[in-house]
Amino acid sequence: MRAFDATTHYFNRAADLIDLSDNMRRLLLTPNREVQVQVAIKRDNGELTTYLGYRVQHDNARGPMKGGLRYHPQVDIDEVRSLAALMTWKTAVMNLPYGGAKGGVAVDPRQLSANELELVTRRFVDAIHDLVGPDVDIPAPDMGTNAIVMAWFANQYSKYHGFSPAVVTGKPVELHGLPGREEATGRGVGVFAYKLVGRLGRKPADTRVAIQGFGNVGSHAAKFLHEADFRLVAISDLSGAYYRPEGLDVPAMLHYALGNKGSLEGYCGAEKVAAEKLLELDVELLIPAALGGVITAANAPRVKAPLIIEGANGPIDSDADELLETRGTIILPDILANAGGVTASYFEWVQNRQHYSWGINRVRQELDHLLSEAFEKVWEVKQERKVSLRTAAYILGISRVGRATVLGGIA
Ligand code: NAD
């Protein structure tokens, strides 16, 4: 199933339950604007290379559109379109005053020098600067991009439009960025885990956890969960899975990865098992926080965890989702589970616009507050409608966007 089809599948399932008219469905599923642009640079060796860049602006009924900028060789319009729609529902579930967008350049950033990467970013901004802006569309880092790329983006944009730090979020803290933005998605996953086990009458100390991925999301989630007394028994990254049934030494793993270019390769404090086995371990909580599409109809029957929190975007495909749901697995969906990042981005944007900055404690406090509110609201819809958390989150998101569309008026 193509990425856009999966998002549309979840959309339609929720839309059926709220009797959304065909005309409104068509409107909400049709992106406002899709652009493909040429990104041509001269590489360090003098060679001319041309890449394709994309920006999809899905919906702006609730406010300026918000979504990441991805640099990856497999970026294409279908993937960007799907992720843009996902952002519309995610910002609506979180009740942020935003719509959804996404962008990308089909380039492998690992093959480029820093100078070439900067050129790609500046040429991309040259091509789309008229289409984005603090009140229009606000990009942020995503796969293959980071705070430095955002700094280049803001700098190039300001050459056309003057001082505008709020045109992107996820900037370096020293350049109008937000302390706490980097940890926010992983922290959010941790906050949700805490709320979810509380709801189910389970204690963190009796909850064994496996996390796939030890990058930005996975490592910060691991840190939060360890501090909240959960029992982390398995963590994996590209180098393999590390398993210790009595509980992993999370601070030691964080420290090890920090001194090893972010990788757990060579870590000896746990048994090493095949990376894909992590998904099938006997644990109470599984957190896929690496890539999309890792749980499919093929391996879902072997997934034992009764609780899954989707740290990554789309880690469970729609066939597997159905299979797990029938079995009673409780899944906290990506559009809620990893929304900590966009929520912190919202705080960064608010502060940039006010020229005022908060400290880390206030950021964490406000983040935990908004995440808790969204969780409670989705849980309420789930109870009321007797649906899964994924369908409840989609119902909430679609209803909010639909309502804003109607209130704004379509003349
Ligand atoms: P990252 O690049 O920082 O980390 C990815 C991690 O996954 C690395 O530890 C890598 O080694 C590991 N990994 C890759 N392939 C693996 C495999 N086959 N098995 C096990 N581990 C593997 O990425 P990230 O920022 O942590 O993002 C992870 C996911 O979360 C992505 O799907 C991303 O779209 C989503 N997400 C991220 C954010 C954010 O703020 N960073 C926000 C929302 C959603």
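Which helix and which strand each supply at least two residues of the shell around the ligand? In this predicted model, local features need pLDDT of at least 70 and side-chain atom pairs count only at pLDDT 80 or more, while totals for chains, interfaces and linings use all residues. Residues are numbered from 1 along each chain as its sequence is written, and side-chain values use heavy atoms, with hydrogens and water left out.

The elements in question are α7 (216-227) and β7 (231-237); helices (H or I, at least four residues) and strands (E, at least two) are DSSP runs, numbered from the N terminus. The ligand is surrounded by 19 residues, of which Thr185, Phe214, Asn216, Val217 and Leu238 are the closest; a residue is near a molecule if one of its heavy atoms lies within 4 Å of it. Seven residues of the shell are nonpolar, nine polar and three charged, where Ala, Val, Leu, Ile, Met, Phe, Trp, Tyr, Cys and Pro count as nonpolar, Asp, Glu, Lys and Arg as charged, and the others, Gly among them, as polar.

A side-chain N or O atom of Thr185 is 2.7 Å from an oxygen atom of the ligand. Backbone N or O atoms lie 2.8 Å from a ligand oxygen at Val217 and 3.3 Å from a ligand oxygen at Asn313. Taken alone, the ligand exposes 830 Å², and the protein buries 73% of that (Shrake-Rupley method, 1.4 Å probe).

Thr185 is also among the buried residues of α6. Of the 16 residues of α6, 12 are buried, so this helix is largely enclosed by the rest of the structure; buried means under 20% relative accessible area (1.4 Å probe, protein chains only). Gly201, which follows α6, has a positive phi near 70°.

The count of aromatic pairs is 11. Rings of Phe, Tyr and Trp (its six-membered ring) pair if their centres lie within 6.5 Å; planes under 30 degrees apart count as stacked, over 60 as edge-to-face and the rest as tilted. Tyr98 and Trp349 form an edge-to-face pair, 5.1 Å centre to centre with 65° between the planes. This pair links distant parts of the chain, 251 residues apart: Tyr98 is in the loop between α3 (77-93) and β4 (99-105), and Trp349 is in helix α11 (residues 340-354). Tyr98 counts as buried at 0% relative accessibility, as does Trp349 at 10%. Phe375 and Trp379 are stacked because their ring centres are 5.8 Å apart and their planes at 20°.

Definitions and conventions. Polar contact = N/O pair within 3.5 Å; in protein donor to acceptor, adjacent residues only side chain to side chain. Buried < 20%, exposed > 50% of the residue type's maximum accessible area, 1.4 Å probe, protein only.
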